Amino acid sequence: MSDSKIYISYECVHKLCQEAADNLRQFNPEVIIAIGGGGFIPARILRTFLKEKGHKNIPIQAIGLSLYEDLGNAEYEEKIGKEVIRTQWLDFSSLNEHKVDLIGKNLLIVDEVDDTRTTLHYAVKELAKDLDDLAKKLGRDSEKTTISVFVLHNKDKPKKAELPEEMMATGRYFAARTTADEWIAYPWEAADIDVHTEHARAQGNI
Ligand code: 5GP
């Protein structure tokens, strides 16, 4: 990865979500699953642009995933880049109580950046598996759940994990932009948002 950073403004995030919504609408997302924390703000903005007049807002569910390397735990060094832990996951029983049904629905997983693809691979695989198990348990395995993925940025680099071939082949993986393998500085991480926005403006990411 090079040392230079790509600065992204809030306006830029907003516009990338707006632009992507036109493509995402064709898959009729019925529930958004935001991977925290980077997926939260894009997910909320997307919901605005995916809302159809006269229809309810699309519900957003949050999941939290961390790579072992982010936890800085040396014990797990051998798992770096390979394993993810769930810091927050869907509680299917409480979803049911609140009438958010994921089985047979079009689900849209949202994160800010696809770097090594480890996180997205885990989220898609585990969500599909859990919903499959639940559908079987409830005798609803004939209902087809479809998962799509949206990220603001996909880094053009060799990935450490893959997404299902069928998802890629049917265009259910969307990246608003493909970037070089550089660190992307998002506005919600900025210590000084004015300086950050100036950097973004200088790079045309406004
Ligand atoms: P993965 O390697 O699994 O695709 O990405 C794991 C996580 O690392 C992302 O969800 C994101 O939180 C973080 N990450 C990876 N690359 C970047 C980057 O360039 N900028 C920021 N802000 N976070 C990143």
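Guide: A residue is called buried under 20% relative accessible area, exposed over 50%, and partly exposed in between (1.4 Å probe, protein chains only). By that criterion tryptophan 89 is buried, its relative accessible area being 17%. The model is predicted, so local features need pLDDT of at least 70 and side-chain atom pairs pLDDT 80 or more, while totals for chains, interfaces and linings use all residues. Residues are numbered from 1 along each chain as its sequence is written, and side-chain values use heavy atoms, without hydrogens or water.

Across the whole structure, a search finds three aromatic pairs (Phe, Tyr or six-membered Trp rings with centres within 6.5 Å; stacked under 30 degrees between planes, edge-to-face over 60, otherwise tilted). One of these joins tryptophan 89 to tyrosine 122 in an edge-to-face arrangement, with 6.4 Å from centre to centre and 75 degrees between the planes. Tryptophan 89 belongs to the loop that runs between strand E4 (84–88) and helix H4 (92–97), whereas tyrosine 122 belongs to helix H5 (residues 118–137); the pair therefore ties together parts that lie 33 residues apart in sequence. These elements are DSSP runs numbered from the N terminus (helices H or I, at least four residues; strands E, at least two). Tyrosine 122 has a relative accessibility of 15% and counts as buried, as does tryptophan 89 at 17%.

Tyrosine 186 and tryptophan 188 make up another aromatic pair, and this one is stacked: their ring centres are 5.1 Å apart, and 5 degrees separate the planes. Here the two partners fall into separate accessibility classes. Tyrosine 186 is buried, with 2% relative accessible area, but tryptophan 188 is partly exposed at 23%.

The tryptophan 89 ring, besides pairing with tyrosine 122, has the charged end of arginine 86 over it, at 4.0 Å from the ring centre. A charge sits over a ring when NZ of Lys or CZ of Arg is within 6 Å of the ring centre and within 35 degrees of the ring normal. Elsewhere, arginine 117 places its charged end over the ring of tyrosine 173, at 4.9 Å from the centre.
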